[in-house]
Amino acid sequence: METITVDTAGAAARLGIAVKTLHKKRVYGGGPPFLKLGRRVLYRVADLDAWMEAHLMHSTSKKVAA
């Protein structure tokens with residue numbers, strides 16, 4: 001099975017966040033897993049989908065575990 005990857009701009013678009021936000025999450029943590037291949041940074045689409053699913057909320061009153 002082929003692994004589908006996207007670059008940072010593609011990942012940000014899929015997640016609906018700014019590229020700059022994704023850069024910060026890579027540096028400080030809290031973002032989706034990524035691949036570093038030389039200078040290239042890639043994200044597996046399956047990892048992006050799993051990361052979004054893990055952040056699914058049902059109420060704004062619940063505190064998110066860090």
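Trainee: Is T8 buried or exposed?
Mentor: T8 is buried, with a relative accessible area of 11%. Buried means under 20% relative accessible area, exposed over 50%, and partly exposed in between, with a 1.4 Å probe and protein chains only.

Trainee: What kind of model is this?
Mentor: This is a predicted model: local features need pLDDT of at least 70, side-chain atom pairs count only at pLDDT 80 or more, and totals for chains, interfaces and linings use all residues. Residues are numbered from 1 along each chain as its sequence is written, and side-chain values use heavy atoms, with hydrogens and water left out.

Trainee: Where does T8 sit?
Mentor: In helix α1. Helices (H or I, at least four residues) and strands (E, at least two) are DSSP runs, numbered from the N terminus.

Trainee: And which residues is T8 in contact with?
Mentor: Leaving aside neighbours within four places in sequence, T8 is in contact with V19, L22, H23, R26, V41 and Y43. Contact means heavy atoms within 4.5 Å.

Trainee: Which residues of α1 are buried?
Mentor: T8, A11, A12 and L15. They cover an arc of only 100° around the axis, which puts them on the same side of α1. The arc is that of the directions from the helix axis to the C-beta atoms.

Trainee: What covers them?
Mentor: The cover includes β1 (5-6), α2 (19-28), β3 (40-44) and α3.

Trainee: What follows α1?
Mentor: G16, with a positive phi near 75°.

Trainee: Let's do the helix pair. At what angle do α1 and α3 pack?
Mentor: About 35°, with the axes 11 Å apart; α1 spans residues 8-15 and α3 residues 45-54. Axes are lines fitted to C-alpha atoms, for helices over the stretch in contact, and angles run from 0 to 180 degrees between N-to-C directions.

Trainee: Which residues make that contact?
Mentor: A11, R14 and L15 come from α1, and V45, L48, D49, W51 and M52 from α3. By class, that is six nonpolar, no polar and two charged residues. Ala, Val, Leu, Ile, Met, Phe, Trp, Tyr, Cys and Pro count as nonpolar, Asp, Glu, Lys and Arg as charged, and the others, Gly among them, as polar.

Trainee: Which residues of α3 are buried?
Mentor: V45, D47, L48 and W51. Seen down the axis of α3, the buried residues fall within an arc of 160°, so they line one face of the helix. They pack against β1, α1, α2 and β3.

Trainee: What's on the face turned away?
Mentor: That face carries the exposed residues A46, E53 and A54.

Trainee: Switching to the sheet. What's the strand order?
Mentor: β1-β3-β2, three strands in an open sheet with antiparallel pairing. Two strands pair if DSSP finds at least two bridges between them. β1 and β2 are the edge strands, each pairing on one side only.

Trainee: How many bridges join β1 and β3?
Mentor: Two. V6 stands opposite Y43 in β3. α3 packs on the sheet, touching β1 and β3, and its direction makes about 60° with that of β3.

Trainee: Last one: where is P33?
Mentor: In the loop between α2 and β2 (35-37). P33 is partly exposed, with a relative accessible area of 44%.

Trainee: What is P33 in contact with?
Mentor: Y43 and D47, leaving aside neighbours within four places in sequence. P33 and Y43 are ten residues apart in sequence and 6.9 Å apart in space, C-alpha to C-alpha.
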